[in-house]
Amino acid sequence: FDEQYSGRVSLYHNGFRASCSTGFKAPTLYEMYGSDNYGFVGNQDLEPEKSKTVEVGYRNKIFDFALYRTTLDNTLTYQWPTYINDNKKNIRKGAELGLTYDIGSVKIRNNLTWTQAEDGNGKQVTRRPRWQNNTQLSYDIFTLDLNYFGKHLDIHSSTYETIEMQDKLILNLSAKKDILGLTFFGRFSNITDVDYERPHGYNQLGRNFELGFSKRF
């Protein structure tokens, strides 16, 4: 590919911030040269995807709020049986709200995101949930994670049709403690044994747990 440049300019004052940045993403080897038994063939003529992002936000000791808008050019888009560079501008915009708060010995951390991602024709793109939320509740050595993924579009792993994936809530419980120079940890994941795929065709683990320890030298 030709040389690519990216940069960022930002301002910050009394908790308020604003920034403007550019970036790029090169196509993968699979997108350019891959193939499979379902008819997919790579596209050797793909060009890097380019982006411009504008963001404004505000942060204090409790809240961290941001609004952003990203414009993509030459977006890498799947169009059977290969990937192409979309010559229309793709828009990504959204909001993020972070929360950091302590109630006694209980630490609360929460991050909520809303995303509207559309292709050059104004249609919602795949694998971009409109709503996502992560909540962490920590007490002493224990941490409870609640991860929410909203409804979103995906590509069927066999038929390659666009399908709607339902929202999911995943709960995890972990613990970590340092003893005699060792860090012992345990994790109980997907406590409610949710059956889900992310992305479609890739089954995620059901209820499971792990125990271990580590030593830093």
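Modeller: A word on the ground rules: residues are numbered from 1 along each chain as its sequence is written, and side-chain values use heavy atoms, with hydrogens and water left out. As the model is predicted, local features need pLDDT of at least 70 and side-chain atom pairs count only at pLDDT 80 or more, while totals for chains, interfaces and linings use all residues.

Biologist: Thanks! What makes D64 and R17 a salt bridge?

Modeller: The rule asks for a side-chain nitrogen of Lys or Arg within 4 Å of a carboxyl oxygen of Asp or Glu. The closest N and O atoms of D64 and R17 are 3.0 Å apart, so the pair meets the rule.

Biologist: Why is D64 called partly exposed?

Modeller: Buried means under 20% relative accessible area, exposed over 50%, and partly exposed in between, with a 1.4 Å probe and protein chains only. D64 has 26%, so the label is partly exposed.

Biologist: And how do you know which label K89 gets?

Modeller: K89 has 51% relative accessibility, so K89 counts as exposed. Its salt-bridge partner D73, at 2.9 Å from N to O, is partly exposed at 25%.

Biologist: What makes D102 and R109 a pair?

Modeller: Their closest N and O atoms are 3.2 Å apart, which forms a salt bridge. By this rule the count comes to five salt bridges, and R17, E55 and D64 are linked in a network.
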